[in-house]
Amino acid sequence: MSTEKNWTQAEVVALYNKPIMELLYEAATVHRTYHDPNKVQVSTLISIKTGGCPEDCAYCPQAARYHTDVKAERLMSVEQVKAQALAAKAGGSSRICMGAAWRNVKDGPEFDQVLDMVRTLNRLDMEVCCTLGMLTENQALRLSEAGLYAYNHNLDSSAEYYEEIISTRSYDDRLQTIENVRKTNITVCSGGIIGMGESIANRADMLITLASLIPQPESVPINALVPVAGTPMEEMETVSIWEMVRMVATARILLPQTQVRLSAGRTNMSREGQALCFFAGANSIFAGDKLLTTPNPAINEDMELFKTLGLIPQQPFEKKSQPKTIAMEDSQYQALGEKPQWSRPDHKIQRNLDKQHQEK
Ligand code: SF4
């Protein structure tokens, strides 16, 4: 069934602002058409390389320039990652997402180690996702060959508002990375964050950009900003549950077949609030007590909530079959040692510069 529709900003803002009962009914109807409303996919995020990131994303405690409590760490070993993945699997997770605080992937021993992690986790019969920053087509092909199921690269916000939060890489570079992933068999995971001071029109524009990708992303995480001391966004107000419900419902209507994931900010939501988000069309969560560096509900709490609501964790590879893992020695794609021309705009967002100088 085709889900294509060319949405205008005015239509999406009107949808977002509908009386909440109508919006919920419409979103839940779409949800039931395309998904089993009682199934929720459970992912666990492992921060395989924490902190020390050169970028200036105003919300992120891993940016080296903001001097938060996050300390830069080395890349984890394959064995460490495997042990955490097995624990997550035992807790009910079907997917592992490995996050590295890198600007972009660089060919070399660290990327080879990540490829080894992908091969190892795919052999555990789990869906494997990576979020490693910008990526060339050849690097995407190498990940695909290793058995990667999904690649996450968030848009974060609309093209217009993005320039208020990040100045060290461009929106077009983000879209280019998504396009590079699309040239392979890897599925696309891309979403954004609300509560960074953006307008509803900005939220609508971000969803329109995601909905206009052909095909639409298989997975769209919706994050609520978790303001972290030391970042330029430390004083932002917490997003209300109603904004989250509206955002999830609107995403569900624009992206009918996508798995819409409740991501950061879930610790600020009540169980009832999360239940409303599931009713509005969220059908994926991040489990585990940490999301990279921010707090998250423990997996036991999630499983209790699932029991209360009669929800069932989705099994791995229900939506798409398991990719094959090709051993390193049989690989068709070698490291090219590319030096891609990702844009390097000046660091120009005043509040980000102020924060950096203030903390020197
Ligand atoms: S969001 Fe990612 S790219 Fe941006 S500062 Fe944090 S780790 Fe770096």
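The questions below concern a predicted model.

Trainee: At roughly what angle do the axes of helix α2 and helix α9 cross, and what is that arrangement called?

Mentor: Helix α2 covers residues 20-34 and helix α9 covers residues 241-254. Their axes come within 9 Å and cross at roughly 40°. An angle under 35 degrees would count as roughly parallel, and 65 to 115 as roughly perpendicular.

Trainee: Is the crossing of α2 and α9 left-handed or right-handed, and how do the residues of the contact divide by class?

Mentor: Where α2 passes α9, the crossing is left-handed. From α2, the residues Ile20, Leu23, Leu24, Glu26, Ala27, Val30 and His31 take part, and they meet Trp242, Arg246, Ala249, Arg252 and Ile253 of α9. By class, the residues of this contact are eight nonpolar, one polar and three charged.

Trainee: How is helix α1 oriented relative to helix α8?

Mentor: Helix α1 (residues 9-16) packs against helix α8 (residues 200-212) with the axes 9 Å apart. The angle between them is about 115°. The range from 65 to 115 degrees counts as roughly perpendicular. The orientation of α1 to α8 is therefore roughly perpendicular.

Trainee: Which residues of α8 make the contact with α1?

Mentor: The crossing of these two helices is right-handed. On the α1 side, the contact is made by Gln9, Val12, Val13 and Tyr16. On the α8 side, the residues are Ile200, Ala201, Arg203, Ala204, Asp205, Leu207 and Ile208.

Trainee: What term describes the packing of helix α4 with helix α5?

Mentor: The axes of α4 (residues 109-122) and α5 (residues 137-146) come within 8 Å and cross at roughly 30°. Angles under 35 degrees count as roughly parallel. The packing of α4 with α5 is therefore roughly parallel.

Trainee: How many residues of the contact of α4 with α5 are charged?

Mentor: Leu115, Val118 and Arg119 of α4 meet Arg142, Leu143 and Ala146 of α5. Four residues of this contact are nonpolar and none is polar, while the number charged is two.

Trainee: Which residues surround the ligand, and what is the class make-up of this shell?

Mentor: The ligand is surrounded by Cys53, Glu55, Cys57, Cys60, Gln62, Ala63, Ala101 and Gly133. By class, the shell has five nonpolar residues, two polar and one charged.

Trainee: Where does cysteine 97 lie, and why can the annotated binding-site residues be said to gather at one spot?

Mentor: The UniProt annotation "binding site", from an unreviewed entry, covers Cys97, Cys129, Cys189 and Arg261. These residues span 165 residues in sequence, yet no two of their C-alpha atoms are more than 13.8 Å apart, so they gather at one spot. As for cysteine 97, its place is in strand β2, residues 95-100.

Trainee: What percentages of helix and strand does the span annotated as "domain: Radical SAM core" contain?

Mentor: UniProt, in an unreviewed entry, lists residues 38-266 under this name. The end C-alpha atoms of the span lie 19 Å apart. Its content is 35% helix and 18% strand.

Trainee: What is the omega value of the cis peptide bond?

Mentor: Proline 215 is found in the loop between α8 and β7. The cis peptide bond joins isoleucine 214 to this proline, and omega is about -10°.

Trainee: What is the phi value of histidine 67?

Mentor: Histidine 67 is found in the loop between β1 and α3. Although this residue is not a glycine, its phi is positive, at about 50°.

How values were computed: Residues are numbered from 1 along each chain as its sequence is written. This is a predicted model: local features need pLDDT of at least 70, side-chain atom pairs count only at pLDDT 80 or more; totals for chains, interfaces and linings use all residues. Axes are lines fitted to C-alpha atoms, for helices over the stretch in contact, and angles run from 0 to 180 degrees between N-to-C directions. Helices (H or I, at least four residues) and strands (E, at least two) are DSSP runs, numbered from the N terminus. A crossing is left-handed if the near helix is turned anticlockwise from the far one by less than a right angle, and right-handed if clockwise. Two residues are in contact if their C-beta atoms, placed from the backbone, lie within 7 Å. Ala, Val, Leu, Ile, Met, Phe, Trp, Tyr, Cys and Pro count as nonpolar, Asp, Glu, Lys and Arg as charged, and the others, Gly among them, as polar. A residue is near a molecule or strand if its C-beta atom, placed from the backbone, lies within 6 Å of it. UniProt positions are given in the numbering used here, feature names are shortened, and annotations may be inferred rather than shown by experiment. Angles under 35 degrees count as roughly parallel, over 145 as roughly antiparallel, 65 to 115 as roughly perpendicular and the rest as oblique.
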